[in-house]
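Please keep the sequence and the structure in view while reading.

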Amino acid sequence: MNRLKKRRSKPIKHSAVALLNAILMLTLISVVLVGVTHSYQQQQQSYRYLLNHYQAKTLYELTLASQSKTDLKGIKATTGESKILRKQHQIKVTLKNGYQKQFEIKNITGKNKNSI
């Protein structure tokens with residue numbers, strides 16, 4: 001009778017250990033996946049910021065170059081539009097995705113128009 005109890009308790013102990021090992025492995029995998037996802041999201045956010053910055057800077061430079069050749073209020077492009085704010089001596093750039101940035105108007109030498 002005593003032997004019978006020992007035989008039955010061993011499979012229960014082994015299955016409990018196996019269940020705990022499975023839970024531990026799933027927890028470990030979940031932690032790794034959360035870490036990788038967070039890293040990917042940060043990288044994507046950095047890429048988006050740089051893309052917006054360079055698109056806005058390009059539109060600003062195009063507006064500045066066009067403004068030096070002819071008197072205009074701004075330009076429209078496939079990525080967005082720019083407006084020249086003469087009173088503030090700034091060019092306001094608005095991208096199609098909603099990103100906005102304002103740049104000071106500088107002449108060819110790189111000095112502010114206010115300081116000339």
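Are Tyr 60 and Phe 103 buried or exposed? In this predicted model, Tyr 60 is buried, and Phe 103 is buried as well.

The chain contains one helix and four strands, and their order along the sequence follows the pattern α-β-β-β-β. The aromatic count for the chain comes to one pair. Its members are Tyr 60 and Phe 103, whose ring centres lie 4.5 Å apart with their planes at 25°, so the pair is classed as stacked, the limit for that class being under 30 degrees. Because Tyr 60 belongs to helix H1 and Phe 103 to strand E4 (residues 100-104), the pair ties together parts of the chain that are 43 residues apart in sequence.

Tyr 60 also has a place in the largest nonpolar core, a set of 13 residues in which Tyr 60, Ile 91 and Val 93 have the most contacts. Helix H1 and strand E3 (90-95) are the elements that give two or more residues to this core, and the largest share, four residues, comes from H1. As a general background, nonpolar side chains in soluble globular proteins tend to be buried together.

Thr 63 is found in H1, which covers residues 2-69, and Thr 63 counts as buried because its relative accessibility is 0%, where the limit is under 20%. The side chain of Thr 63 is joined to that of Ser 82 by a polar contact of 2.5 Å.

| Residue | Residues touched |
|---|---|
| Tyr 60 | Ile 91, Val 93, Phe 103, Glu 104, Ile 105 and Lys 106 |
| Thr 63 | Leu 72, Ile 75, Ser 82, Ile 84 and Ile 91 |

Some totals complete the description. Of the 116 residues in the chain, 16% are buried, and the accessible surface of the chain comes to about 9700 Å², with 59% of that area belonging to carbon and sulfur atoms. Where contacts between residues at least 6 apart in sequence are considered, 28% join residues at least 24 apart.

Note on methods
Residues numbered from 1 in each chain as written. Predicted model: local features only at pLDDT ≥ 70, side-chain atom pairs only at ≥ 80, totals over all residues. Heavy atoms only, no water. Buried < 20%, exposed > 50% of the residue type's maximum accessible area, 1.4 Å probe, protein only. Polar contact = N/O pair within 3.5 Å; in protein donor to acceptor, adjacent residues only side chain to side chain. Contact = heavy atoms within 4.5 Å. Areas by Shrake-Rupley, 256 points an atom, 1.4 Å probe, with all protein chains shown as cover. Core = buried A, V, L, I, M, F, W, Y, C linked by side-chain atoms within 4.5 Å. Phe/Tyr/Trp six-rings, centres within 6.5 Å; stacked < 30°, edge-to-face > 60°. Lists of a residue's contacts leave out its neighbours within four places in sequence.
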